[in-house]
Amino acid sequence: MTEERSRMGPSGEQFELRAGDYAATVTEVGAALRTLTHRGGPLVRSFAEDEIMPCYSGAVLAPWPNRVTDGRYRHERSIRQLPITEPERGTALHGLVVWVPWRPVSHTASRLELEYPLWPTPGYPFRLDLRVSYELTETGLTVRLSARNLGDDPAPYGCSIHPYLVAGEGRVDDWSLRLPARRVLEPDPERLLPTGQEREVAGSALDFREGTTIGDVEIDHAYGDVEFDDTGHAEALLLAGDGHGVRMRWDRACPWVQVHTADRPEPHLHRTGLALEPMTCPPDAFNSGRDLVWLDPGATHDVAWRISAV
């Protein structure tokens, strides 16, 4: 190990990007978006270079987002056991690549591409080539994730990213959210797993279709029945009282959105950013099969998200 590598913090090498009024930092560990600013103001909740990534901040989530019940799922005639990464709830949370080092493929002033070869394990016996790119322009940041199945069998697959969006000064309570989604999955309050029930958001504190101040409502829900526009895109807005904030945009590849108001015991994390995670499938899709991608041998799955200032 070189002396420079030995001095690196827990998130590994830091990759800086700049374009126009935007700047970003992506980490080697987790390929995480550590910082994103516009004219010096944060668009995501950041963490320090010498800090372990808190609460999956900015990480890439693959080959599944969210939770798998008991870390178990059936594949063909076998029950597969994934690592339990959320012991307090007994779940396998947010995939297999959050804490691994991603390798740089290319890096320019405004664009970064990283790759991670995901090798078969007893719990996930599939071989994937994962690639993520971050590209800054004068109008914002685009994140693209691709997964190619290098194995001989179809692979179950889902993905997302995990930014905590920031609208400006204050906390989540002070900001308004516009999210064009008509339904939510009911979570088990103890394990935050889907109960199998879902309901319309209309008339509830979880309805943000028209843009509503979040206030003191606690959210840790998967939203579905997302409304896409004529171009096939959906857009969420998180705004401060002065009308400025952050926009997130995605396409039909992500028909689900996990939203979390970051209710945490740590004061510096508690409701200081809104987790907004457009997902290709809902929680526990490895068991329900709902919107789960089956990636054929040799096939590639692509998805993109865009974050910009308002």
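Let me start with Thr 69, a residue of strand E6, where strands (E, at least two residues) and helices (H or I, at least four) are DSSP runs numbered from the N terminus. If we set aside its neighbours within four places in sequence, Thr 69 is in contact with Gly 90, Arg 191, Leu 193, Asp 284 and Asn 287, contact meaning heavy atoms within 4.5 Å. With one of these, Asp 284, the side chain of Thr 69 also makes a side-chain polar contact at 3.0 Å; that term stands for a pair of N or O atoms within 3.5 Å, where within protein one must be able to donate a hydrogen and the other to accept it, and where residues adjacent in sequence count only if both atoms are side-chain atoms.

Please keep in mind that this is a predicted model, in which local features need pLDDT of at least 70 and side-chain atom pairs count only at pLDDT 80 or more, while totals for chains, interfaces and linings use all residues. Residues are numbered from 1 along each chain as its sequence is written, and side-chain values use heavy atoms, with hydrogens and water left out.

Now to the charged pairs. Searching the whole structure gives 23 salt bridges, each defined as a side-chain nitrogen of Lys or Arg within 4 Å of a carboxyl oxygen of Asp or Glu. One of them joins Glu 86 to Arg 67, with the closest N and O atoms 2.8 Å apart. Because Arg 67 belongs to strand E6 (residues 67–69) and Glu 86 to the loop between strand E8 (78–81) and strand E9 (91–93), this pair ties together parts that are 19 residues apart in sequence. Both Glu 86 and Arg 67 are buried, that is, under 20% relative accessible area, with exposed meaning over 50% and partly exposed the range in between (1.4 Å probe, protein chains only).

A further salt bridge links Arg 264 and Glu 266 at 2.9 Å, N to O; here Arg 264 is partly exposed at 33% relative accessibility, and Glu 266 is partly exposed at 24%. Elsewhere, salt bridges with shared partners join Arg 103, Arg 111, Glu 113, Glu 115, Asp 129, Arg 131 and Glu 135 into one network. Within this group, Asp 129 and Arg 131 form a salt bridge whose closest N and O atoms are 3.5 Å apart, and whereas Asp 129 counts as buried at 19%, Arg 131 is partly exposed at 28%.

What about the rings? The whole structure holds 6 aromatic pairs, meaning rings of Phe, Tyr and Trp (its six-membered ring) with centres within 6.5 Å, called stacked when the planes are under 30 degrees apart, edge-to-face over 60 and tilted for the rest. Trp 64 and Phe 286 are a tilted pair, since their ring centres are 5.6 Å apart and their planes stand at 55°. Trp 64 lies in the loop between strand E5 (60–61) and E6, and Phe 286 in helix H2 (residues 285–288), so this pair ties together parts 222 residues apart in sequence. Trp 64 is buried at 2% relative accessible area, as is Phe 286 at 7%.

Phe 286 also pairs with Tyr 124, and because the centres are 6.3 Å apart with the planes at 15°, that pair is stacked. Tyr 124, in the loop between strand E11 (111–118) and strand E12 (128–137), is 162 residues away from Phe 286, and Tyr 124 is buried, with a relative accessible area of 0%. Taken together, Trp 64, Tyr 73, Tyr 124, Phe 126 and Phe 286 form one aromatic cluster.
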